[in-house]
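Open the model in your viewer and colour it by secondary structure. The tour goes stop by stop, with a selection for each.

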Amino acid sequence: MSTDDVLAEVGARLRRIRKEREVTLAALSEATGISVSTLSRLESGLRKPSLELLLPIAQAHQVPLDELVGAPPVGDPRVRAKPIVRGGRTHWPLTRQPGGLQAFKVLEPQRKQEPDPRTHEGYEWLYVLSGRLRLVLGEHDVVLAAGEAAEFDTRVPHWFGSTGEGPVEFLSLFGPQGERMHVRARPTSRK
């Protein structure tokens with residue numbers, strides 16, 4: 001629906017709301033400070049609605065501005081994506097739209113793994129919900145506990161996974177570049 005189509009329907013909506021409330025044009029004029037002739041032209045579609053006119057009308061009728069302009073209802077905001085299992089790790093997508101910032105809840109099972117640092121364009125944030133997460137980032141080898149977070153440039157060789165002591169649940173956020181395939185990188189002096 002074009003902007004002109006939406007604006008064309010506002011007049012009829014204004015008239016319907018006013019009549020449902022049994023308010024005369026004169027009473028609405030008094031409540032809003034808008035002349036009767038302007039209100040009449042708005043309702044008949046002879047005058048384009050503007051925020052200057054619609055805000056006082058919405059306030060007088062005690063309705064949201066969205067109701068006057070017929071804004072589409074907001075859909076259910078819940079994300080109901082199915083879990084994805086990759087390499088034994090379970091990912092629950094927390095964002096629906098491709099591109100832009102991506103968020104995942106991740107469950108890494110208890111297992112001992114040899115770190116395999118990789119690089120890619122972008123930036124990543126990790127937040128540990130439960131358990132302990134091992135993070136190898138360049139020359140750093142750290143363990144994050146529940147409630148701890150890390151952020152890093154993903155051009156630095158990095159790897160994260162279970163400490164081997166138990167499963168770990170964490171949140172991972174990254175930009176669009178993080179969706180690209182990881183490219184193997186060798187740390188400069190890892191023992």
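Helices here are DSSP runs of H or I with at least four residues, strands are E runs of at least two, and both are numbered from the N terminus. That numbering places the first stop, E22, in the loop between helix 1 (3–20) and helix 2. Keep in mind throughout that this is a predicted model.

**The whole chain**

Start with everything shown. The protein has five helices and eleven strands. Of its 191 residues, 35% are buried. Now consider contacts with a separation of 6 or more: residues 24 or more positions apart account for 61% of them.

**Loop residues with positive phi**

Select E22. Its phi is near 55°, a positive value in a residue other than glycine. E22 has a relative accessible area of 75%; exposed means over 50%, so E22 is exposed.

Move to Q62, in the loop between helix 4 and helix 5 (65–69). Q62 is not a glycine either, yet its phi is positive, at about 55°. Its relative accessibility is 72%, and Q62 therefore counts as exposed.

**Helix 2 against helix 4**

Select residues 25–32 and 51–61. These are helix 2 and helix 4. At what angle do helix 2 and helix 4 pack? The angle is about 110°, and the axes are 9 Å apart. Angles of 65 to 115 degrees count as roughly perpendicular, so helix 2 is roughly perpendicular to helix 4.

Now show side chains at the contact. Helix 2 contributes L28, A31 and T32. Helix 4 contributes P56, I57, A60 and H61. By class, the contact has five nonpolar and two polar residues, and no charged ones.

**On the way to strand 1**

Select R80, in the loop between helix 5 and strand 1. With 57% relative accessibility, R80 counts as exposed. R80 and W92 are twelve residues apart along the chain, and their C-alpha atoms are separated by 9.1 Å.

Strands of a sheet pair through backbone hydrogen bonds, either parallel or antiparallel.

Strand 1 and strand 2 (residues 89–93) run antiparallel and are joined by three bridges. Select V85 and T90: V85 stands opposite T90 in strand 2.

Stay on T90. Is T90 buried or exposed? It has 15% relative accessibility; buried means under 20%, so T90 counts as buried. Show what surrounds this residue. Beyond its neighbours within four places in sequence, T90 is in contact with P83, I84 and V85, and also with K105, V106 and L107.

Strand 5 (residues 123–130) pairs with strand 8 in the antiparallel sense, over five bridges. Select L126 and A150: L126 stands opposite A150 in strand 8. Strand 5 also runs antiparallel to strand 10, with six bridges joining them. Here S130 stands opposite E169 in strand 10.

**Aromatic pairs**

Last, select the aromatic rings. A search of the whole structure finds three aromatic pairs. Two of them are worth a stop.

Zoom in on F104 and F174. Their rings are stacked, 5.8 Å centre to centre with 15° between the planes. F104 lies in strand 3 (residues 102–108) and F174 in strand 10 (residues 168–174), so the pair ties together parts that are 70 residues apart in sequence. Both F104 and F174 are buried.

Then select F160 and F170. This pair is edge-to-face, with 5.7 Å centre to centre and 85° between the planes. F160 is in strand 9 (residues 158–162) and F170 in strand 10, ten residues apart. Both F160 and F170 are buried.

Terms used. Residues numbered from 1 in each chain as written. Predicted model: local features only at pLDDT ≥ 70, side-chain atom pairs only at ≥ 80, totals over all residues. Heavy atoms only, no water. Axes fitted to C-alpha atoms, helices over the stretch in contact; angles between N-to-C directions. Parallel < 35°, antiparallel > 145°, perpendicular 65-115°, else oblique. Contact = heavy atoms within 4.5 Å. Nonpolar A, V, L, I, M, F, W, Y, C, P; charged D, E, K, R; others polar. Pairing = 2+ DSSP bridges. Phe/Tyr/Trp six-rings, centres within 6.5 Å; stacked < 30°, edge-to-face > 60°. Buried < 20%, exposed > 50% of the residue type's maximum accessible area, 1.4 Å probe, protein only.
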